[in-house]
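Keep the viewer open as you read.

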Amino acid sequence: MLPWTTYEAMYDAAINQPEQFWLDAAQRVTWEQPPVTAYHTRTDGWHDWFAGATLNTCHNAVDRHVESGRGMQAALIWHSCATNERQIITYQELLGRVSGFAGGLQSLGVGQGDHVLIVMPTMVETVIAMLACARIGAVHVVVFAGYAGAELAQRIDDVAPKVIIIASCSFQGQKAVPSTPVLNEALATARHRPQACVVAQRTACPAALMPARDHDFHTLEHSAAVDPFILRSEDPLYILHTSGTTGKAKGIVRDNGGHAVAMALSMDLIYGCKPGDTFLTTSDLGWVVGHSYGVYAPLISGCTSVIVEGGASASAIRALCSDYKIRCLFTTPTQMRLMRQESRHLSGVILPALAHIFVAGEYADPTLLDWARSYFRKPVVNHWWQTETGWSITAHFFGLSEQEPASLKNDIGRPAPGFDPVIVPCHPDEPCGEIILSLPLPPGCLAGIWKDGAIHAPAVYLDETGRYYRTFDEGMIDATRAVHMLGRSDDVIKVAGRRISGVQIEKIIASHPAVHSCAVVAVPDDLRGQRPVAYVVPLDAASPPSCEEITGAVSLALGRWVGLREVRFVEHLPTTVSGKIKRRHLSAC
């Protein structure tokens with residue numbers, strides 16, 4: 001049970017008594033050697049959480065639930081939108097498969113601290129591979145299964161894996177795409193050579209195994225089971241590369257102890273989920289949401305996690321929520337827009353078990369959130385976090401009994417415990433500016449950056465004082481501690497010396513009933529320095545809104561000084577593989 005009923009009581013405890021707050025939170029995790037201190041400064045200036053304590057993350061996610069009598073509860077439910085397959089795996093079954101595959105990895109020479117590259121779509125086997133690495137202390141590095149050979153080669157050289165695990169194919173829509181040709185291409189150009197490769201065969205497109213190099217995933221699962229290896233809290237659990245929207249992708253290192261504590265606390269405090277509840281995320285397991293809330297947080301908390309391969313339609317999500325009594329749905333604005341487009345042919349839905357819907361990954365405009373509330377007839381909220389933080393910087397807290405102010409419903413929420421945001425104004429008379437976070441960051445955030453074969457303090461994220469973490473996002477904070485997001489620092493448009501966020505303009509454009517999605521970027525202007533240009537995807541390409549309707553709405557809401565004159569109608573917006581709009585790409589057009 002949470003010891004607080006109000007947000008203020010919870011946040012004040014985290015800010016004013018952090019040592020006691022986090023030691024209390026750590027009791028949600030099963031330790032071999034419990035922590036006696038919460039926070040420790042390393043010699044490189046960064047920080048560790050629960051240093052000296054020992055545990056195993058896989059034991060916390062699987063074994064302890066079997067030991068406590070929950071072995072017959074479903075741990076994973078997998079649905080493939082590509083093949084229409086479903087699998088249900090109990091905690092007891094998951095324990096057997098993970099412990100066996102962990103033994104198989106050991107037979108290939110994988111041990112504590114070794115890196116294992118997992119190049120797989122969202123499958124049960126992907127989760128098994130991740131947990132098996134955690135079980136023996138290996139560091140897993142999951143990458144998107146759709147990467148081309150050159151991009152995969154970069155990841156191989158960056159982390160130097162001892163073993164690479166792939167599925168025999170992934171899917172683009174309903175089409176099976178073989179994976180071994182991409183692997184072969186990557187290994188032909190990469191400098192590093194793994195000791196072995198493991199292939200999870202799929203019936204849609206089985207692969208021919210290369211003798212002496214390749215091993216069958218499911219054969220390795222039948223290896224002798226191994227017990228969890230006890231690790232230090234500060235030992236690395238995984239490396240996950242950022243999507244690269246702010247430059248070259250960086251390898252974010254996550255620890256074991258702090259990560260487990262943050263995952264366990266957030267499931268209860270933010271998402272309002274208890275053991276036995278069912279949690280659905282539409283995120284690919286190659287992204288941070290898939291790591292945090294497709295695998296670790298639900299399983300550590302004793303929940304049932306529903307994971308989905310491919311883009312789930314509105315009807316598929318309806319069916320999953322109904323069939324498995326989903327309590328919490330976590331999706332992205334992009335997925336929500338696709339659902340809205342399809343839902344024009346579907347009626348509203350009644351899902352008694354569904355309690356909340358959470359949206360993250362990029363900005364969700366109020367019009368989209370209001371549509372989702374009307375369609376699902378449930379609370380729908382946005383929240384803000386990054387690959388680097390691993391969980392919410394700001395959120396809405398459904399684990400607290402306090403009724404949240406209605407004024408917060410379209411904002412990204414208030415700071416989660418341990419996050420202390422500060423605004424750095426761009427000009428002295430402005431209330432907005434870059435959002436920076438006081439150090440130390442709370443448990444669950446990055447333990448460092450993987451670079452040149454070692455873990456380094458993340459100096460690239462620190463301000464000039466070394467006392468704050470830079471989010472590179474801009475916004476403002478009001479008297480209720482609510483954070484209002486304006487967008488990335490490089491998305492702010494400077495018009496004749498005045499600053500306007502592209503998000504502010506997008507919010508107005510997105511409210512037009514004929515607009516599916518949009519993005520606003522800055523382009524050079526000889527007279528005013530910069531001017532905004534809007535890229536708009538209409539709901540119906542045959543009858544798009546007029547340019548005058550859009551520019552007029554922006555002028556009426558924000559003023560003519562904004563100077564939006566140019567609207568370009570496009571079929572789709574360029575996105576990263578994780579679904580974020582590539583505004584830099586649009587700016588260069």
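Which residues does Ser438 touch, not counting those up to four places away in sequence? They are Asp420, Val422, Arg467 and Tyr468. Keep in mind that this is a predicted model. Ser438 sits in strand 25, which covers residues 433–438. With a relative accessible area of 16%, Ser438 counts as buried, because the cut-off for that label is under 20%.

The peptide bond from Leu439 to Pro440 is cis, its omega near 0 degrees. Pro440 belongs to the loop that links strand 25 to strand 26 (448–451). Most peptide bonds are trans, and most residues other than glycine have a negative phi. Asp452, in the loop between strand 26 and strand 27 (454–456), has a positive phi near 55 degrees. Phe50 also goes positive, at about 60 degrees, in the loop between strand 2 and strand 3 (54–55).

Now for some helices. Helix 2 (residues 18–25) has Phe21, Trp22, Leu23 and Ala25 as its buried residues. These pack against helix 1 (7–16), strand 2 (47–49) and helix 9 (257–269).

On the helix 4 side, the residues in contact include Leu94, Val98, Phe101 and Leu105; on the helix 5 side, Ile128, Leu131, Ala132 and Ile136 are among them. By class, the contact between helix 4 and helix 5 has 13 nonpolar, 2 polar and 3 charged residues.

Time to zoom out. The protein chain holds 16 helices and 34 strands. Its radius of gyration is 23 Å, close to the 25 Å that the globule rule gives for 589 residues, so the chain is as compact as a globular protein of that length. Along the principal axes, the C-alpha atoms fill a box of roughly 70 × 55 × 50 Å. Of the 589 residues, 60% are buried. Among contacts between residues at least 6 apart in sequence, 69% join residues at least 24 apart. As for the surface, the chain exposes about 22500 Å², with carbon and sulfur atoms supplying 54% of it.

Key
Residues numbered from 1 in each chain as written. Predicted model: local features only at pLDDT ≥ 70, side-chain atom pairs only at ≥ 80, totals over all residues. Heavy atoms only, no water. Contact = heavy atoms within 4.5 Å. Helix = DSSP H or I, 4+ residues; strand = E, 2+ residues; numbered from the N terminus. Nonpolar A, V, L, I, M, F, W, Y, C, P; charged D, E, K, R; others polar. Rg over C-alpha atoms; globule rule 2.2 N^0.38 Å. Buried < 20%, exposed > 50% of the residue type's maximum accessible area, 1.4 Å probe, protein only. Areas by Shrake-Rupley, 256 points an atom, 1.4 Å probe, with all protein chains shown as cover.
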